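Q: I'm new to this one. Can you walk me through it, starting with a single residue?

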Amino acid sequence: MKIENPFESEFINKIAVGGWLLSDPETRCDTYKGDLSVWVSSNSGRLYFRDTVSFKNPEGASWRSIDLVNGHTAASVVCTAYGDLWVATDQGKLLFRRAITKCQPYGHGWSVFELPYEQCIFTQLVADEHTIYGLDLKSCVYLCKNVDKIKMNMTKIVWEKMLKDIKS
């Protein structure tokens, strides 16, 4: 099965799938929104969300363009099993997508965090509910533990350097 590319003159270079454990027991949706969160970014850093993807409807319905804050462009994206979306930007920021629910699985708004050092760019992210790993352009791995997504008023995330250049 082939799903159309949402980009006219670009190619998809990152894909993130998650959200299968996203629960919203107190909220009832008027329409079916899907069970999976599928996000893609292009080589120019644009971000898209695939609407109504589920195990029974793996192709979903259509692409929804998602604007990043302050003109940032996506370098890497990761979506956790709980639907949390983290985006590392080419401008050295880490973005967290706020208000992701079953009724609005693409969320709205962003929280912006600093990366471990100035001019740091993560080329790859891995995350779960409480932890984020990032790989930078210098092949260094960084870890951020105890990420509290509820208290998004944090101004600084503490990063630990896990592994320095594996060639040395």
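A: Start with Phe 122, which is buried at a relative accessible area of 0%. Keep in mind that this is a predicted model.

Q: Which ring makes an edge-to-face pair with Phe 122?

A: That is Trp 159. The two ring centres are 5.3 Å apart and the planes stand at 75 degrees, so the pair counts as edge-to-face.

Q: Where do Phe 122 and Trp 159 sit in the chain?

A: Phe 122 is in strand β9, and Trp 159 is in the loop between β11 and β12 (160–163).

Q: Is Trp 159 buried or exposed?

A: Trp 159 is buried, because its relative accessible area is 14% and the cut-off for buried is under 20%.

Q: How many aromatic pairs does the structure hold?

A: There are seven aromatic pairs. One of them joins Phe 122 and Tyr 142. Their centres lie 6.1 Å apart with 35 degrees between the planes, and this pair is tilted.

Q: What parts of the chain does the pair of Phe 122 and Tyr 142 link?

A: Distant ones: Phe 122 belongs to strand β9 (residues 122–127) and Tyr 142 to strand β11 (residues 141–144), 20 residues apart.

Q: And Tyr 142, buried or exposed?

A: Tyr 142 is buried, at 7% relative accessibility.

Q: Which residues do ring pairs link into a cluster?

A: Tyr 117, Phe 122, Tyr 142 and Trp 159.

Q: Changing topic. Which rings have the charged end of an arginine over them?

A: Trp 63 has the charged end of Arg 50 over its ring, 5.0 Å from the centre. Tyr 106 has the charged end of Arg 64 over its ring, 4.0 Å from the centre.

Q: Now the whole protein. How many helices and strands?

A: Zero helices and twelve strands. Read from the N terminus, the order of elements is therefore β-β-β-β-β-β-β-β-β-β-β-β.

Q: What share of the residues is buried?

A: Of the 168 residues, 45% count as buried.

Q: What about the accessible surface?

A: The protein has about 9600 Å² of accessible surface, and 50% of that belongs to carbon and sulfur atoms.

Q: Last one: what share of the contacts joins residues at least 24 apart?

A: The figure is 44%, taken among contacts between residues at least 6 apart in sequence.

Technical notes
Residues numbered from 1 in each chain as written. Predicted model: local features only at pLDDT ≥ 70, side-chain atom pairs only at ≥ 80, totals over all residues. Heavy atoms only, no water. Helix = DSSP H or I, 4+ residues; strand = E, 2+ residues; numbered from the N terminus. Buried < 20%, exposed > 50% of the residue type's maximum accessible area, 1.4 Å probe, protein only. Contact = heavy atoms within 4.5 Å. Areas by Shrake-Rupley, 256 points an atom, 1.4 Å probe, with all protein chains shown as cover. Phe/Tyr/Trp six-rings, centres within 6.5 Å; stacked < 30°, edge-to-face > 60°. Lys NZ or Arg CZ within 6 Å of the ring centre and 35° of its normal.
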